[in-house]
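Subject: Structure handover

Hello,

Please find the structure below. My notes on the core and the ring contacts follow it.

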Amino acid sequence: MMMNLRHWLYVSLMLIPMALLCVLGLSCASPVHSGYVGVSGGGRLYYEERGKGQPLLLLHGHSLDRRMWDEQFRVFARHYRTIRLDFRGYGLSSDQSETLPMTHADDVLALMDSLHIERVHVVGLSMGAFTAGDLLAMYPHRLLSCVLASGSIRRNSPGPSQPMDSAECARRDAEIAALKESGVQAMKQQWLEQLIASGGSKRERMRRPLSVMIDEWTAWQPLHKEVRLFYAREAWQRLQQVRPDVPVLMLKGACDGKGDRPRELDYLPRGRHQVLPDCGHMMNMEQPRAFNRTVMLFLDSIK
């Protein structure tokens, strides 16, 4: 009898901390499922997902990968089926090619189709916002909502219908030669410092995670002539024609240049603009609590 009582007390004492951790969201987190999906030209996209509910897709920035969302992935997965991926040419996904026509937006659609997702909330930052802007303009029927952080549609850049001409090829060859001469490592360090410098009072907190990702980045993109990866100007023209009825939040860090009203809002009947204080380009890594709260409030407002 005494042994059974001791055993019960031992189990109870072990379970109480675990229960508290679950309540606090520090343990018992939903499991992470990862895998690859096929895309055009025999390529593969690596992705991770966790949580249940409506699907929410996180799109990363240039030179980075899915890990830039480390401080959002678990938080958003408490409420949504949250998916993050490595774009083609980044992280664990397959390489890009100078000769295979593709866009990041169409790769995202291939991922959605493979995971049987008809419509999704999408959150993109920087290059991820360029892709999210393409999705918003070209495929609005596939979106539940869209968050464009530190970027939007690349309205001044040519799209896939305007491939490189000989003059642009020559310019790129010269740029690539200059980069090889100066050194890729120096370019990476300069890029890192540029991202850090855009920030506010907490910018140094993101130095290490940014350094790790940029150091592991292959730097294939600046060393090659990329195909048109964004619909860009074509998406801008389509946005003006379609005026998509999609809830859109455009976010900008107060330290990241001017905070002018985005022109996209003229063509987004359900669009809004917000400036986050004391942060720069990589706002989700610099001020994750403020970023997470802002995005969650936006998503809650459209339910």
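The largest nonpolar core holds 82 residues, and the members that touch the most others are L59, L111, L135, L210, L251, M282 and F291. Helix α4, residues 127-138, gives the largest share of this core, with 7 residues. Please keep in mind that the model is predicted.

Beyond its neighbours within four places in sequence, L59 is in contact with W69, L85, F87, V108, V122, V123, G124, L125, G128, T131, A132 and L135.

Aromatic pairs come to a count of 5. One of them is W69 with F291: the ring centres are 6.2 Å apart and the planes stand at 40°, so this pair is tilted. W69 sits in the loop between β3 (55-59) and α2 (70-77), while F291 belongs to helix α10 (residues 288-301), so the pair ties together parts 222 residues apart in sequence. W69 and F291 are both buried.

Another pair, F130 with F230, is edge-to-face, with 5.6 Å from centre to centre and 85° between the planes. Here helix α4 supplies F130 and the loop between α7 (207-216) and α8 (233-242) supplies F230, so the parts tied together are 100 residues apart in sequence. F130 has 22% relative accessibility and therefore counts as partly exposed, whereas F230, at 9%, counts as buried.

Two arginines also lie over ring faces: R44 over Y36, at 3.9 Å from the ring centre, and R84 over F73, at 4.2 Å from the ring centre.

Regards

Key: Residues numbered from 1 in each chain as written. Predicted model: local features only at pLDDT ≥ 70, side-chain atom pairs only at ≥ 80, totals over all residues. Heavy atoms only, no water. Core = buried A, V, L, I, M, F, W, Y, C linked by side-chain atoms within 4.5 Å. Buried < 20%, exposed > 50% of the residue type's maximum accessible area, 1.4 Å probe, protein only. Helix = DSSP H or I, 4+ residues; strand = E, 2+ residues; numbered from the N terminus. Contact = heavy atoms within 4.5 Å. Phe/Tyr/Trp six-rings, centres within 6.5 Å; stacked < 30°, edge-to-face > 60°. Lys NZ or Arg CZ within 6 Å of the ring centre and 35° of its normal.
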